Amino acid sequence: MKSNQFDAIVVGSGISGGWAAKELCEKGLKTLVLERGRQVEHLKDYPTMTSPAWEMPHRNQRTLADRQANPIANRCYAYQEDTAHFFVKDSEHPYIQSKPFDWIRGYQVGGKSLIWARQTQRWSRYDFEGPARDGFAVDWPIRYEDIAPWYSHVERFVGISGSYEGLDTLPDGEFLPAWEMNCVEKEIQKRILDAYGDRRFIIGRCAHLTEPQAQHLAQGRGKCMARNQCYRGCPFGGYFSSNSSTLPTAALTGNLTLRPDSVVHSLIWDEEKGKATGVRVVDRLTKEAKEYFAPLIFLNAACLNTNLILLNSTSRRFPEGMGNEHGILGKYIAFHNYRGSLSAGFEGFEDKTYFGRRPTAVMLPNFRNVKRQETDFLRGYMSFYTAGRAGWGSQRDMPLGADFKEANSELGPWSVYMMMQGETIPKESNRVSLSPDRKDEWGVPLLDIQVGYDDNDEKLLQDFLQQGEEMLTKAGCTRIRKSDSGQAPGLDIHEMGGVRMGRDPQTSLLNGYNQMHYAPNVFVTDGAAMTSTGTQNPSITYMALTARAVDYAVKELKKGNIS
Ligand SMILES: Cc1cc2nc3c(=O)[nH]c(=O)nc-3n(C[C@H](O)[C@H](O)[C@H](O)COP(=O)(O)OP(=O)(O)OC[C@H]3O[C@@H](n4cnc5c(N)ncnc54)[C@H](O)[C@@H]3O)c2cc1C
């Protein structure tokens, strides 16, 4: 028992779990991090980080055999020969798609922090106020002011590059120097601003060290070299991952115990004590069952797995899953609508080039229904664009040998790509549940995902395509083509909800500090906690919520309110 007892347990070592571990360890708690996947040590376990494509068996292409074996993972743009080892293989981790849903996962120490695209925008007051104003989901129990200092706390440590713009729809943060737009992006930005007056595209905010500060160097990280091969693991620690940043910092305190290969099956509810006391684990390799105990439990297994673990944590007190007093666990799942994109040409600037592979795009904060309801659909979307010249980085279609070098020295025309990131409305019918009869290799019931689009999503998509075409036309683009990918939910990899925060225990599972209303020593601080989705990339908000929740939880523990 003694060796299985800790001050805190964190389930999952990805973006949010890494933050929980760092904050808990720094506050002096002996912390156990349970991670279902294998160990991935920074640098040592990045086998392709410096490999050129010609050293890879298939020149960094996906093979037909792999596409057939892993159709879901293959739909993710970041899944290639150089990154495949950081993605879950479809056949090893089955789930049930009652509706089509591409569940993209990274089961290893570091989770998806190794393979994320690192875009990091704060939410604004309009995002937190949205559900109450527009009458959907439930009111967020917090507002922008509650989380703003925690965004700052996280941004300083992570290292976020960005420009100061003073926009109330996308608040500024603690930024390292911004990446630069190229000449065509600047021209398009100017023409769109001139045409609309209030549509200001800005350079994307992202978790890259453009100018490392002392605390980043202390983490052993260095400057981003604009290679844009981040998904392989970065030899410089130029982008933020749990492996390069939070986990090593937690380990330095001497308070961290990290156990890879530990599949958390469920939480333990002690009927006599009337509280959650620990977790049940199945060893990934030996299948041995183990139990670990702590007065404080943080769930950070990523949105849908956190839902799964709670649904599977049944007891006499909670027969439908831990904390699920009112039957809403697993419901009100939402995601981001990524279906719309546009491509176009751009004439001129043929004598201009740009340097490096910038790891971010140009972005426009949502301009739809921000301050009042203006359209026949709810909420809005963020828009992104990039402009680039053909010839660089498009080796795929080029000849080999001398012709290859020749072709690479000639730059082609400019082209522009624009895409959307739309808010979706959490609904009771978008839900997950457990299969009554099918289990995985570790004896855990399979997750049944029932999440789909609705009319609001269709209208929002059409609006983006119409507005995108109009903006690109006003910007002087040519050959504009609109596209609806028709992709299933999930491929956005921004699934949220199911264990939502709220003010009322009858309609939510967590309070304003991510603490379960009915299991107060359990905290959920990954995407499962999200009441609504906003239009921003979500992970920086998970990190800020996590740091804030740890601060609260440890104070409560010290006061004796959690034991
Ligand atoms: C290609 C790609 C691009 C992305 N781009 C962006 C972006 O630009 N910006 C952004 O904000 N977000 C982006 N995301 C999403 C981002 O990766 C996630 O939001 C983020 O990783 C979520 O953090 P998390 O801690 O909840 O989950 P994860 O980082 O996935 O970590 C969860 C961990 O829990 C472990 N785990 C799961 N189940 C169990 C269990 N039963 N027992 C023990 N351990 C378990 C997993 O193995 C994993 O290590 C992207 C994701 C991908 C794949």
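Modeller: Helices (H or I, at least four residues) and strands (E, at least two) are DSSP runs numbered from the N terminus. This is a predicted model, where local features need pLDDT of at least 70 and side-chain atom pairs pLDDT 80 or more, while totals for chains, interfaces and linings use all residues. Residues count from 1 along each chain as its sequence is written, and side-chain values use heavy atoms, without hydrogens and water.

Biologist: Thanks! In which helix is the place of Thr546?

Modeller: Let's start with its contacts (heavy atoms within 4.5 Å). Leaving aside residues up to four places away in sequence, Thr546 touches Ser16, Trp19, Ala20, Phe298, Asn300 and Thr525. The place of Thr546 itself is in helix H12.

Biologist: And is Thr546 buried or exposed?

Modeller: Buried means under 20% relative accessible area, exposed over 50%, partly exposed in between, with a 1.4 Å probe and protein chains only. The relative accessible area of Thr546 is 0%, so Thr546 counts as buried.

Biologist: On to the ligand: which residues come nearest?

Modeller: A residue is near if one of its heavy atoms lies within 4 Å. There are 39 residues around the ligand, and those that come nearest are Ser16, Glu35, Lys112, Ala117 and Ser539.
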